Amino acid sequence: MDAKFEFLCRMGDSTLILGHRISEWCGKAPVLEEDIALPNIALDLIGQTQMWLAYAAEVEGAGHTADDLAMRRDVWDFRNLLLVERPNGDFAQTMTRQFLFDAWHLPMLQALTTSSDKRIAEIAAKAVKEATYHYEKSSEMVVALGDGTEESHARMQSALDLLWPFAGEAFVSDTVDHEMAATSVAPTPETLWDDYEASVKDILSRATLTLPKARFAHKGGKSGTMHSEHLGHLLTQMQWLQRAYPDARW
Amino acid sequence: MYAQMIKSEATQDDPEKLAAFQARIDAGDTIEPKDWMPEGYRKTLIRQIGQHAHSEIVGQLPEGNWITRAPTLERKTILLAKVQDEAGHGLYLYCAAETLGVSRDELTEMLLDGRMKYSSIFNYPTLTWADMGAVGWLVDGAAIMNQVPLQRTSYGPYARAMVRICKEESFHQRQGFDIMMKMANGTAAQRRMAQDALNRFWYPSLMMFGPSDQDSVHSAQSMKWRIKMNSNDELRQKFVDQTAPQAAFLGLTVPDPDLCWNEEKGGYDFSQPDWDEFFDVLRGNGPCNTERLAEQNRAWDEGKWVREGLMAHAAKKNAQPIAAE
């Protein structure tokens with residue numbers, strides 16, 4: 001197993017799966033402005049996926065393309081965080097998932113802009129601009145809906161209680177992370193935690209929401225050892241054309 | 001078109017003002033929101049711009065249907081960008097309509113309870129990936145026929161919205177044609193999808209222009225006001241003349257055995273669509289009317305708490321400085 005390939009798949013698969021989830025909202029958002037904003041975020045994330053997975057395919061050296069990796073791997077080969085494969089649920093869950101992801105993604109990309117791997121640093125430099133906007137938007141939305149009406153507050157609190165156990169996975173190191181950190185390719189995940197917790201707490205307090213006390217974190221997504229049942233259904237839809245017509249070029 | 005069968009409103013204004021207004025239109029002036037305008041002009045425009053906006057909104061659904069199944073990452077990004085553009089077009093158009101004294105929420109309510117319509121074309125299903133090509137090539141192609149001249153329409157906000165929309169629509173049409181090229185030059189299965197998409201979308205695209213309006217008093221009034229620029233038949237002819245050679249280039253067969261070049265008129269002869277089907281679709285009996293409206297209503301109803309939450313937060317924020325004083 002090539003650690004850099006694994007790492008690149010973790011970045012690219014997370015943006016791919018979250019981009020896909022967000023794109024499920026197209027044309028169905030609660031307000032027209034969100035019908036414009038959500039596809040924009042999905043578009044950024046899929047664009048980042050193209051860069052991460054193209055590089056992953058090069059590092060892999062098996063003659064694959066970014067599309068091959070996206071469309072022809074099965075569940076156990078995906079390396080995305082469990083958080084991003086959670087179903088959209090209501091708008092509160094979608095926004096909370098986005099916020100918990102962005103609050104990690106932004107500092108992660110900021111750190112990667114100084115990666116010892118020049119190509120990773122370049123991808124991060126481009127993606128960090130988009131992630132900055134994503135974080136601003138999702139944190140504003142969490143504040144507004146948390147602080148909005150009784151109903152919007154209750155929905156946001158339920159979403160947070162539901163999704164918080166999926167936030168911690170990004171901050172738990174394994175051998176891939178150790179190797180990336182040892183070669184200064186990427187930061188050690190744990191080093192991002194304190195700032196993450198502080199920024200999440202700040203936003204949640206402005207949103208009048210309560211951070212769940214439990215620190216339990218589900219894991220198995222970024223290692224690929226145990227995804228949720230949801231990912232297979234997502235891939236069934238996303239990969240269908242490529243698998244049904246394997247000889248076709250699109 | 002994105003606005004079909006628009007009835008012009010009778011106008012009972014002061015004849016002198018009416019004459020002066022008509023003189024401005026005839027001189028090529030642009031009418032702006034604060035200018036005097038006949039009540040009929042205002043109401044007709046609200047109906048036309050509103051229907052156009054609704055078409056952009058509902059038009060997200062048949063293409064949104066394929067975003068999660070787009071075959072490559074690049075195709076997914078292109079389709080996302082396109083559907084996002086449509087939402088943006090809806091927004092410009094609602095803003096243009098708002099300058100005439102109707103709110104976006106009022107227009108939305110009228111769409112949702114069926115008082116206002118959207119283009120018949122969006123009541124047809126998108127069944128294969130080739131439909132993403134056919135929608136861009138044919139549906140956006142037909143829309144452009146009408147929207148390009150509307151950049152010169154008499155109502156300023158509408159004309160300006162149309163300038164932005166046209167830029168994006170021509171990109172949409174090109175990407176649709178690009179999908180058709182890939183499909184038409186692809187595997188046997190892809191060619192079959194491409195031909196099937198053309199078969200299903202040809203006549204509904206011709207219907208977009210609406211039935212012949214050469215004897216319609218409504219069209220005559222709208223043309224006089226320069227909010228309709230060409231007759232439905234003129235635009236349909238132009239569309240067929242542009243599209244038939246493109247189909248031939250793709251190696252696809254237009255599903256009309258009577259389609260042939262007429263040297264004398266310098267255009268194609270072609271068969272009319274089934275107008276009974278068109279009126280059925282307008283009455284709500286198209287293949288997807290029920291689903292499209294139900295989807296819009298569901299999104300609106302389920303989004304109510306979000307809109308209320310955002311408004312409540314904004315109100316609290318606005319109240320803060322006053323409370324601090």
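This is a predicted model: local features need pLDDT of at least 70, side-chain atom pairs count only at pLDDT 80 or more; totals for chains, interfaces and linings use all residues.
**Stop 1: two helices in chain A**

Start by selecting residues 118–146 of chain A, which form helix α6, and residues 193–206 of chain A, which form helix α9. Where the two helices pack, their axes are 8 Å apart and the angle is about 40°. That angle makes α6(A) oblique to α9(A), because an angle counts as roughly parallel under 35 degrees and as roughly perpendicular from 65 to 115. Turn the view and you can follow α6(A) as it passes α9(A) in a right-handed crossing.

Now show the side chains. Which residues make the contact? From α6(A), pick Y135(A), S139(A), V142(A) and V143(A); from α9(A), pick S199(A), I203(A), L204(A) and R206(A). Sorted by class, this contact has 5 nonpolar, 2 polar and 1 charged residues.

**Stop 2: N80 in chain A**

Next, select N80(A), in the loop between α3 (66–72) and α4 (82–85) of chain A. Is N80(A) buried or exposed? N80(A) is buried, because its relative accessible area is 0%.

**Stop 3**

Finally, move to helix α9 of chain B, residues 217–224. At its N-terminal end, select S216(B), which caps the helix: a side-chain oxygen lies 3.2 Å from the backbone nitrogen of H218(B). Then look for R226(B), which follows α9(B) and has a positive phi, near 55°.

Note on methods:
Residues are numbered from 1 along each chain as its sequence is written. Chains are lettered from A and ligands numbered from 1 in the order in which they are written. Side-chain values use heavy atoms; hydrogens and water are left out. Axes are lines fitted to C-alpha atoms, for helices over the stretch in contact, and angles run from 0 to 180 degrees between N-to-C directions. Helices (H or I, at least four residues) and strands (E, at least two) are DSSP runs, numbered from the N terminus. Angles under 35 degrees count as roughly parallel, over 145 as roughly antiparallel, 65 to 115 as roughly perpendicular and the rest as oblique. A crossing is left-handed if the near helix is turned anticlockwise from the far one by less than a right angle, and right-handed if clockwise. Contact means heavy atoms within 4.5 Å. Ala, Val, Leu, Ile, Met, Phe, Trp, Tyr, Cys and Pro count as nonpolar, Asp, Glu, Lys and Arg as charged, and the others, Gly among them, as polar. Buried means under 20% relative accessible area, exposed over 50%, partly exposed in between (1.4 Å probe, protein chains only). A polar contact is a pair of N or O atoms within 3.5 Å; within protein, one must be able to donate a hydrogen and the other to accept it, and residues adjacent in sequence count only if both atoms are side-chain atoms.
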